[in-house]
Amino acid sequence: MQTAADLLVRCLEAEGVERVFGVPGEEIEDLLFSLRESPIRFVPTRHEQGAAFMADVHGRLTGEAGVCCSTL
């Protein structure tokens, strides 16, 4: 059975996303499980602000979508 997280990951793959920066946590557990089955790499950070900064710089340097995922 597919979940909303699976659909989100498929959309990210369709957009060419290679990395998602974020803080791992229970709130995004389904997304993390879906990312395990995907070529998209999850890059864990210690703080949401760091994840946002990393996604921004990644997008600026590569021209690709910079994706940040945070919890509550």
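Which residue forms a salt bridge with Glu18, and how far apart are the closest N and O atoms?

1. Basis of the note. This is a predicted model, in which local features need pLDDT of at least 70 and side-chain atom pairs count only at pLDDT 80 or more, while totals for chains, interfaces and linings use all residues. Residues are numbered from 1 along each chain as its sequence is written, and side-chain values use heavy atoms, with hydrogens and water left out.

2. Glu18 and Arg19. The partner of Glu18 is Arg19, with the closest N and O atoms 3.6 Å apart. A salt bridge here is a side-chain nitrogen of Lys or Arg within 4 Å of a carboxyl oxygen of Asp or Glu. Glu18 is partly exposed at 40% relative accessibility, and Arg19 is likewise partly exposed, with a relative accessible area of 27%. Buried means under 20% relative accessible area, exposed over 50%, and partly exposed in between (1.4 Å probe, protein chains only).

3. Asp56 and Arg60. The structure holds two salt bridges; one of them joins Asp56 to Arg60, whose closest N and O atoms are 2.9 Å apart. Because these residues are four apart in helix α3 (residues 48-62), about one helical turn separates Asp56 and Arg60. Asp56 is partly exposed at 35% relative accessibility, whereas Arg60 is exposed at 67%. Helices (H or I, at least four residues) and strands (E, at least two) are DSSP runs, numbered from the N terminus.

4. The two sides of α2. Leu31, Ser34 and Leu35 are the buried residues of α2. Seen down the helix axis, the buried residues of α2 fall within an arc of 100 degrees, so they line one face of the helix. That arc is taken from the directions from the helix axis to the C-beta atoms. Asp30 and Arg36 are exposed on the face turned away from the buried side. The cover over the buried residues of α2 includes α1 (4-14), β2 and β3 (67-69).

5. Ser38. The loop between α2 (29-36) and β2 (41-44) contains Ser38, which is buried, with a relative accessible area of 12%. Not counting residues up to four places away in sequence, Ser38 touches Val9 and Glu13; contact means heavy atoms within 4.5 Å. A polar atom of the Ser38 side chain also lies 3.0 Å from the backbone nitrogen of Ile40.

Terms used
Polar contact = N/O pair within 3.5 Å; in protein donor to acceptor, adjacent residues only side chain to side chain.
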